[in-house]
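Dear colleague,

I am passing on the structure below, together with some notes on what turned up when I went through it. Please read them alongside the model.

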Amino acid sequence: MSRREIREQIFKILFQTEFYGDQEWEDHLYLFVEGLGELDEKDSDYIISKVKDIYQHLDEIDELINTNADRWKTGRMAKAELAIIRLAVYEMKYDDDIPQGVAINEAVELAKIFGGDTSSAFINGVLAKLV
């Protein structure tokens, strides 16, 4: 699985877990990864590790988003955009293997696929303030 495909799966997990309680996200994570079918163990472990790490830093990530999204708080954002931004902020601040520019570009691409008409511009604007 390519890095982009893995990123898309992580986004989907973050998006879907927004609809579950705080205690249920981890159960949902394992069910989601199982549902991906023939996924090699390395990719499966990577996805699970990244999602768990994102949730470990979620309060800090949300604080960064709330501070940098003018007139928007995480509680008001559409769930798809919020999941994309959370993933990108995590990659920018906590994943040393991913350059900030790549994290922003990939977030904008995800927004073009899964977000609304203005999602990519909104996400780019929020993330640009974090650089």
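**Surface, fold and core**

The accessible surface of the protein comes to about 7300 Å², and carbon and sulfur atoms account for 46% of it. Please keep in mind throughout that this is a predicted model.

As for the fold, the protein has seven helices and zero strands. Its radius of gyration is 14 Å, which agrees with the value near 14 Å that a compact globule of 131 residues would have, and its C-alpha atoms fill a box of roughly 40 × 30 × 30 Å along the principal axes. Of the 131 residues, 47% are buried, and among contacts with a separation of 6 or more, 64% are between residues 24 or more positions apart.

The largest nonpolar core comprises 41 residues, and those with the most contacts inside it are Ile-10, Ile-47, Val-51, Ile-85 and Leu-127. Helices H1, H2, H3, H4, H5, H6 and H7 each supply at least two residues of this core, with H5 (79–94) giving the most, namely 10 residues. Setting aside neighbours within four places in sequence, Val-51 is in contact with Ile-10, Ile-13, Trp-25 and Leu-29.

With best wishes

Methods: Residues are numbered from 1 along each chain as its sequence is written. This is a predicted model: local features need pLDDT of at least 70, side-chain atom pairs count only at pLDDT 80 or more; totals for chains, interfaces and linings use all residues. Side-chain values use heavy atoms; hydrogens and water are left out. A nonpolar core is a set of buried Ala, Val, Leu, Ile, Met, Phe, Trp, Tyr and Cys residues joined through side-chain atoms within 4.5 Å. Buried means under 20% relative accessible area, exposed over 50%, partly exposed in between (1.4 Å probe, protein chains only). Helices (H or I, at least four residues) and strands (E, at least two) are DSSP runs, numbered from the N terminus. Contact means heavy atoms within 4.5 Å. The radius of gyration is taken over C-alpha atoms; the globule rule is 2.2 Å times the number of residues to the power 0.38. Accessible areas come from the Shrake-Rupley method with a 1.4 Å probe; for residues, only the protein chains shown count as cover.
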